[in-house]
Amino acid sequence: MSDIPLLPQVEAFLRRPHGLFIDGVNVRSHSSQTLAVTNPATGQVIAQVADADLADIDAAVDSANRGFQLWSQAAPATRGNVLLKLADLLERNREELAQIETCQSGKIIQISRAFEVDQAAHFLRYYAGWATKLSGQTLTPSLPSFNGERYTAFTLREPVGVVVGIVPWNFSTMIAIWKLASALVTGCSIIIKPSEFTPLTLLRIAELAIEAGLPAGVLNVLTGGGHVGKGLVEHPGTHKVSFTGSVPTGIAVGRSAMGAGLTRATLELGGKNAAGFLRDVDVDKAVDGIIEAGFLHSGQICAAAERFFVHRSQIDAVLEKLKLRLSRLNIGSPLDEHTEFGPVTHHQHQLKLLGYFTQARAENNTIIHGGTLIDRPGCYVEPTVILANSINDTLLNEETFGPIATFLPYDSDEELLALMNNGPYGLSASLWTNDLGKALRMVPAIHAGTVWVNMHTLLDPAVPFGGSRSSGIGREFGSAFIEDYTELKSVMIRY
Ligand code: NDP
């Protein structure tokens, strides 16, 4: 077992001096500050990116406003075609993009290929289809007619303007593509601020967008720390923010957006998602489900489950098989195609997870498996299974965003629903059972933007996604995104 060799173009890309992507080209930042990008599998610094400053933000916003003037007037089919060409280019450069992503995030190479490239292309094509289908309505007002006059009305869907897309580090390409595609298909321009931990892949994708025919200024990419996102949200020249990230940052972004003159804000935030296993579920299927729900990409998925509720009659059997399965996982380098479980994406996150292990022990939780860092270079953390004592335990309430599955047994379906709904969040949940009728009766009682049955975590562009309660405001995908990226203009005519 060994690492795949990096493509020459990946080596060359990593060696390049990385600027900001403004007005269709890579430009040097006004700031002399840079941020190091570290490969979490090795701990080695692989690139330096600019930490943009206020002058860079002004330049990107000016460029995006010029881009908007042009792009909002483009024919819908032209907009769709650019997204289709970008999807083709992602696929043509699949291995290069996947390798860059794996080097910066530690995502195992198969996940980079399948999600960050293939799924991103799939999303682009889905959104491209909407370009020619956005429409308003015709309406007939009931106003009084005194002299035979009549009335008609229609609505126009108009792009909101310059969008700020703020992206977290866990799926730096796919989440950026969701925002980029929603903005571009509706006729908006967009400035994307990737996470400081994973800024590289998007800089390459911006070049591909120009190759796909996107006019300069319609997509700008500003790298840098959180201050760059804040500066963009508060800038008077931006009109909407689409933020994906943690709940505390999301609340701060929402506040800044409102304070900046009611800038529209969509907030896709985290949560503490639950998976409930009904009494009838087969133990082997339950274990497969727990691995899908809790351990894909080392649990660094907003929709992943972190709270697992298993019927008391089955919990011992489930935990025993899960421990066995996790102990056989092939943990290793994310560039090795045999690896099933790689590092987490950055060192601070690794330390945060270590803190949760300490907390679980302090609260006398039982560590069934893992509960330590892995003694090798890089940011490795054992896949971990914890049995809690009470629904109030920290590991059943705080989002760890890591490979930690915390369990609690339950006795009745009513208790299961109460446990699943405990806490302020509502991003996603899943039910696992052979009794589909029972599951469908339980679904309406679950507080979550998405409820899966016998599956967890997988997203499709046709199905709206977003959080209820403290997990966010707004929905992506389906037709739901249209509301967020367009304004409705009413036109009324007397004749
Ligand atoms: P953060 O909230 O820390 O950061 C998200 C983005 O916001 C980053 O680009 C960050 O920049 C930027 N940022 C930081 N401070 C500000 C600010 N004041 N104003 C504007 N932007 C700012 O989240 P993480 O990157 O740590 O991502 C993990 C979180 O994201 C988890 O809670 C997870 O659940 C959530 N998430 C939600 C998803 C959903 O669809 N609901 C999907 C994926 C993740 P920088 O990194 O440079 O600090």
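## The overall count

Keep in mind that this is a predicted model. Searching the whole structure turns up 21 salt bridges. Some of these join up: Arg16, Glu96, Arg204 and Glu207 are linked in a network of salt bridges.

## A buried pair

Glutamate 116 and lysine 107 make a salt bridge, with their closest N and O atoms 2.6 Å apart. Are these two tucked away or out in the open? Glutamate 116 has a relative accessible area of 2%, so it counts as buried, the cut-off being under 20%. Lysine 107 comes in at 0%, so it is buried too.

Arginine 125 pairs with aspartate 88, and here the closest N and O atoms sit 2.9 Å apart. This one ties together distant parts of the chain: arginine 125 belongs to helix H5 (residues 109-130) and aspartate 88 to helix H3 (residues 76-92), 37 residues apart.

Both ends are partly exposed: arginine 125 at 30% relative accessibility, aspartate 88 at 37%.

## Helix to strand

Glutamate 483 forms a salt bridge with arginine 157, the closest N and O atoms being 3.1 Å apart. Again the pair links distant parts of the chain, with glutamate 483 in helix H15 (residues 480-485) and arginine 157 in strand E6 (residues 151-159), 326 residues apart.

Glutamate 483 counts as exposed because its relative accessibility is 53%, over the 50% mark. Arginine 157, at 24%, is partly exposed.

Technical notes
Residues are numbered from 1 along each chain as its sequence is written. This is a predicted model: local features need pLDDT of at least 70, side-chain atom pairs count only at pLDDT 80 or more; totals for chains, interfaces and linings use all residues. Side-chain values use heavy atoms; hydrogens and water are left out. A salt bridge is a side-chain nitrogen of Lys or Arg within 4 Å of a carboxyl oxygen of Asp or Glu. Helices (H or I, at least four residues) and strands (E, at least two) are DSSP runs, numbered from the N terminus. Buried means under 20% relative accessible area, exposed over 50%, partly exposed in between (1.4 Å probe, protein chains only).
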